[in-house]
Amino acid sequence: MKKNLFFSLIFSLIFISSACSSKTTLPVKKLVLVNSEGKEITVKAEIASTFAERQNGFMFRQNIPDGTGMLFIFEEEQVLNFWMKNTPHPLSIAYIDKNGRIRDILDMTPYSLENITSSTNVLYALEVPQGWYKKAGIKVGDKMRLDF
């Protein structure tokens, strides 16, 4: 009996550990953001387009390098709410409308359950390491080229 309990416990710990550390493989696309001066900035973004992909997002990711991100694509424009549950890396999020116009850029706090809400209906959300938009010279009103 003790032996079965021991093996069950070990199996459970291995399963939980692998589930928490595994990274879902998402398609990656190079996105082009265009600032107000016409300068093009490229970001290599994972694409989260299904409900499950959007739910997982960057959860449990310890390191997200500058120049990379995750683009969340929704079926229709709506006011979006994001939070940082189980997300240890500080992020900035851009809410983007159906025409590719950046409507909001907001910072998010690791592990926070606070809703970070778009100010208007949007179709996309692009998460990047916190401060990357500022370093790249991307502001509200700039555009994401919709080449996909």
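Select H89 and show its contacts, meaning heavy atoms within 4.5 Å. Leaving aside neighbours within four places in sequence, H89 is in contact with R61, Q62, N63, I64, M84, P110 and P129. H89 is found in the loop between β4 and β5. Helices (H or I, at least four residues) and strands (E, at least two) are DSSP runs, numbered from the N terminus. Is H89 buried or exposed? H89 is buried, with a relative accessible area of 15%. Buried means under 20% relative accessible area, exposed over 50%, and partly exposed in between, computed with a 1.4 Å probe on protein chains only.

A word on the model before moving on. It is predicted: local features need pLDDT of at least 70 and side-chain atom pairs count only at pLDDT 80 or more, while totals for chains, interfaces and linings use all residues. Residues are numbered from 1 along each chain as its sequence is written, and side-chain values use heavy atoms, with hydrogens and water left out.

**Zoom out**

Colour by secondary structure. There are 3 helices and 9 strands. From the N terminus on, the order is α-β-β-α-β-β-β-β-β-β-α-β. Of the 148 residues, 38% are buried. Among contacts between residues at least 6 apart in sequence, 65% join residues at least 24 apart.

**Strand β8**

Select residues 122-129. β3 and β8 run antiparallel, joined by 5 bridges. Pick L71: its bridge partner in β8 is L126. Next, show β5 (residues 91-96), which runs antiparallel to β8 with 6 bridges. Here I93 stands opposite E127 in β8.

**The nonpolar cores**

Stay on L126. Not counting residues up to four places away in sequence, L126 touches L31, L33, V43, A45, M70, L71, S92, I93, A94, I96 and Y133. Then widen the selection to the core. A nonpolar core is a set of buried Ala, Val, Leu, Ile, Met, Phe, Trp, Tyr and Cys residues joined through side-chain atoms within 4.5 Å. Which residues have the most contacts inside the largest nonpolar core? They are L33, L71, L126, W132 and Y133, in a core of 20 residues. β1, β2 (40-48), β3, β5, β8 and α3 (132-136) each supply at least two residues of this core. A second, separate core has 17 residues, including L26, F58, I93 and I116.

**V32 and M144**

Go to V32, in strand β1 (residues 28-34). V32 is buried, with a relative accessible area of 13%. Draw a C-alpha to C-alpha line to M144: it spans 5.9 Å, though V32 and M144 are 112 residues apart in sequence. Beyond residues up to four places away in sequence, V32 touches E40, I41, T42, K143, M144 and R145.

**The largest pocket**

Finish by selecting R54, Q55, N81, F82 and W83. Of the 18 residues that line the largest pocket, these are the closest to its centre. A pocket is an open set of points on a 1 Å grid over the protein atoms alone, where a 1.4 Å probe fits, with protein on both sides within 12 Å along at least five of seven lines; lining residues have an atom within 4 Å of a point. α2 gives the most to the lining, with 4 residues.

How values were computed:
Two strands pair if DSSP finds at least two bridges between them.
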